[in-house]
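Reader: I would like to go through the aromatic rings here. Please begin with how to read a ring pair.

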Protein chains: 4
Amino acid sequence: MITAPLHGVVPPVCTPLTAGCEVDVPSLERLLDHLLDAGVDGLFVLGSTSETAFLPDAHRRTVLEVAVARAAGQVPVLAGAIDMTTLRVLDQVRTAAAAGCDAVVVTAPFYTRTHPAEIDRHFRLVAQRSPVPVFAYDLPVSVHTKLTADLLCGWAADGVLAGLKDSSGDEAAMRSVTLATRDSAPSFSVLTGSETTVDTALRMGVHGVVPGLGNVDPHGYVRLYRHCVAGEWDAAAKEQERLIRLFDLVNAGSAARMGRGSSALGAFKAALHLLGVIGDPLTAPPQIPLDAGEIDRVRTRLAESGLL
Amino acid sequence: MITAPLHGVVPPVCTPLTAGCEVDVPSLERLLDHLLDAGVDGLFVLGSTSETAFLPDAHRRTVLEVAVARAAGQVPVLAGAIDMTTLRVLDQVRTAAAAGCDAVVVTAPFYTRTHPAEIDRHFRLVAQRSPVPVFAYDLPVSVHTKLTADLLCGWAADGVLAGLKDSSGDEAAMRSVTLATRDSAPSFSVLTGSETTVDTALRMGVHGVVPGLGNVDPHGYVRLYRHCVAGEWDAAAKEQERLIRLFDLVNAGSAARMGRGSSALGAFKAALHLLGVIGDPLTAPPQIPLDAGEIDRVRTRLAESGLL
Amino acid sequence: MITAPLHGVVPPVCTPLTAGCEVDVPSLERLLDHLLDAGVDGLFVLGSTSETAFLPDAHRRTVLEVAVARAAGQVPVLAGAIDMTTLRVLDQVRTAAAAGCDAVVVTAPFYTRTHPAEIDRHFRLVAQRSPVPVFAYDLPVSVHTKLTADLLCGWAADGVLAGLKDSSGDEAAMRSVTLATRDSAPSFSVLTGSETTVDTALRMGVHGVVPGLGNVDPHGYVRLYRHCVAGEWDAAAKEQERLIRLFDLVNAGSAARMGRGSSALGAFKAALHLLGVIGDPLTAPPQIPLDAGEIDRVRTRLAESGLL
Amino acid sequence: MITAPLHGVVPPVCTPLTAGCEVDVPSLERLLDHLLDAGVDGLFVLGSTSETAFLPDAHRRTVLEVAVARAAGQVPVLAGAIDMTTLRVLDQVRTAAAAGCDAVVVTAPFYTRTHPAEIDRHFRLVAQRSPVPVFAYDLPVSVHTKLTADLLCGWAADGVLAGLKDSSGDEAAMRSVTLATRDSAPSFSVLTGSETTVDTALRMGVHGVVPGLGNVDPHGYVRLYRHCVAGEWDAAAKEQERLIRLFDLVNAGSAARMGRGSSALGAFKAALHLLGVIGDPLTAPPQIPLDAGEIDRVRTRLAESGLL
């Protein structure tokens, strides 16, 4: 089901919650339709934007089942299998594969102190035992190590991984890997997690984009991707710059009151609530909710961007 | 069952594994007996020394059940409830409490980006919903934030927490918290995770010690603790210095081949294997095993210290 | 002399040294000619590539004098004024201005622990007392803080700074600043320090490029810049990809033997020596010199890239 | 002049400034007398507490001359020789030695990216060319690397260094080095930079203490040191705990308005001003001054501690 390399717009799907902090299934279904109707090329559930670090295993299973059912084979579903180390990750991988996902997305070990040899052993063991293709998830802000080009190119050359989801913010390193694998491992897919450098990442040769802001404006990212594919770089830059201005909504929450994660995820959900897609803007504890004034900042950004 | 404040020697118990990477229950029982027979004052399971980050939930449950059964009410059993954020931690807390543990040990959120207000909300929610007392686990090397004295003193004053397990290595901060809570929250327990500053930590007024090396030489730590309680500071220093030299076994594994965690946990298990306590020195993947020469370095340290 | 915004290729000039660790003036003159003959648009002396952190004040003065004399007004000369805090930086600024530089490049305070309010006070004081325009130098790998978009946009709007030299590697943040200042401060110049994302940085709207590798292949960067200005994006990408492959020479030095700075600066100087531009590839202590095998790796990269 | 090992109370001397930001020589002389009269065993100028990172070279020279003259051979004067790398440090070393200092205190390279082999080369080159004994200054909060026990023990064994000034806060590592050098290099001196773990550091075997708070209460630290030497550990703990409470004055400055350095150094100077020792509490730019309410917090701490 997964193309090789996977390409296009693959939004990381928010996880709507009820006031009692359960998965809000009707809202999740509406959100998935909102994305599919916009023409996205795949779905990524249980990543950072999905609040996967905040979701108990039972919630994670619900998200997997709903996403696979709603995608219904129209587009591939990638699932984060996020846990601290190899055996715990493999438990998550098996659950995701059993739910019908097309691929899993896995980080280096975290919480433990790691060494490159241990990171290498981790990915090779996970890939060997996974029933579905494995993408590496490079997310140093969470994992506190960066996947090196040497490791990534080795895994690509050995066929260990299907691709890389790069949320490191290190465009130079991402470009090196993209260039190095272009000839040596042509089915290896590089996806950027950036919201604001999509056009330039595609110029560098990456295959797909996984923008959290794609929950709020999937049509914008689909248009942007299509401009790039068509070589319409000036139109692409204009669309990208509109999305950069919209992306400022992630700063809606006060830095004195909350972390940047609470602010960004709270803003995405507030936007989806203002747009009528989801029923409640709640984020999972211990995140701090946006207050009314902060939600107004989100509303203003939506209006300026023509979405409201 | 837990005294307030909890005090004495509370070793963090290693988790012996079989060659197939299952919990080696007979070895775990022998290790628990080895500790209880030495006269320890409590047991801490599912912390870093227990490889909790590497153990699937099913393994964790086995460890809890074996430890509670073997302690059999002679000493309290504390259990790490280690996961990324509030709702996931609460799942771990409920499992530990159901297994009969006397208290749980909980870190700040990790993997996510956090803010002090979120850390505060996290501990208050966990404590409010936990059936058993909660200790804060300050472990910046894993969690990537440090618990501040302000937060800790607030939780102590409000009766949120039973105590602190300090593995930060920041003795000055630990002393501030110990001094500040001595009068304001006399039942608040401060435990140090250090192997090598036990005598000085006890001079600062901490109540107990949680040394990973206590798996290997529980008699040494029990003697050291008793010297300190008796005010025999020179004898304490002499015992502590012997243990510092023994502790060098954590450097047995080559830094070129493996991380410091693989080396330290591998060395503890190699020592327990050489001492005949456990059946196999295996550590969980993706840790790198010690090779024969590295195990010889462990043997040498044991011999120099009079244990072998 | 400085255009506003400053634009084009502005290489950071290496500082050739004699065997006795003095500035090798004839080699420096040949290097400056090598750059000027290739058609560069400016020169940046006393930055990281110049080993400014390794040069005593007397060496720095020599570099300034030689560069200003050799540039002879054909192109502007920017000078790093690198020191820990405000008053020490101002000593460096005055020396650079007295030597005839056209602008200075200044980092946030380092070695001390800083706060955004202190960084703001620092740049405003330096700019107020500097006889020449001031560029901010964003170099978190050395300074250990990142200049925020809020601070940068405030300085641009208030006319405090002439521009930004961005070596943070954070392309998304650089793009935000570029976009935000485009209308509000049109004379504010954004220069990227990247060797490998020049084409995409120019697509984002930055004005100039300061590539360390430009010492080795100034013609390549001049061609690349001209392709971008002409909108020849595919030709630009091809040239950029050749330079990415050449840039791999920075990995010539063994990571087991030396730091990445020793390797990169040693490789630039080895290349300049192999190309006959400078007399000795020596870097300043305590950097570790490349050995013969490592210099061979540099030679291979030069040959593959058509330079040798 | 320097004993081997150097021992006792060696306060790091604040640098009083005039309103015009020049060194306030009469205030500095009064401060030096304040310390010498209290019976300190040495003086450390141009360290962090002296704001050395903020002082131009001309200010540094004035401080050196005044301190050497005022000490007049009664106690040794150690001088920080703080700069980025080897050749620049050697310029500072020569100036300090020429001014008559008894030893210099030197950090690992900073601002540059370093490797252990480069740190080793740095200290060996500096020591070889220094006319006076060299102490290593371990200050990871500023330097961003930690000196390892391996490097320190190697330098001690080879006679490269006279000792270590440990401001790392890592008591366990400091104890390892102290224990390892006790027999192998008996003249090697270990000094702790801590204000709040003096009694326990002395129990571990360190030789001296370099407490910034010693500017404010030198009599307290002299009493504390003498209690420890006499084996009066309970009296020592009581004095230490009083000083810990006094030390809270470093938090006087609002964390929303300024960095922790501005707060701590501003509080030391405010205290010295309130005690009538120095003429002006000014700290060097870009530090933020304490406001009236913050100075009141300092006054309260002094009063509670019996100093005012």
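Author: Rings of Phe, Tyr and Trp (its six-membered ring) pair if their centres lie within 6.5 Å; planes under 30 degrees apart count as stacked, over 60 as edge-to-face and the rest as tilted. Ring pairs join A:F110, A:Y111, B:F110 and B:Y111 into a cluster. The model is predicted, so local features need pLDDT of at least 70, side-chain atom pairs count only at pLDDT 80 or more, and totals for chains, interfaces and linings use all residues. Side-chain values use heavy atoms, without hydrogens and water.

Reader: How many aromatic pairs does the structure hold over all chains?

Author: There are 14. One of them, B:F44 with B:Y137, is edge-to-face, at 5.8 Å centre to centre and 75° between the planes.

Reader: Which parts of chain B does the pair of B:F44 and B:Y137 tie together?

Author: Strands are DSSP runs of E of at least two residues, and helices are runs of H or I of at least four, numbered from the N terminus. B:F44 lies in strand β2 (residues 43-45) and B:Y137 in strand β5 (residues 134-138), so the pair ties together parts 93 residues apart in sequence.

Reader: Is B:F44 buried or exposed?

Author: Buried means under 20% relative accessible area, exposed over 50%, partly exposed in between (1.4 Å probe, protein chains only). B:F44 is buried, at 2%, and B:Y137 is buried, also at 2%. B:F123 and B:W155 form a tilted pair, 4.5 Å centre to centre with 45° between the planes. This pair links helix α4 (residues 116-129), which holds B:F123, to helix α6 (residues 149-157), which holds B:W155, 32 residues apart. Both B:F123 and B:W155 are buried.

Conventions. Residues are numbered from 1 along each chain as its sequence is written. Chains are lettered from A and ligands numbered from 1 in the order in which they are written.
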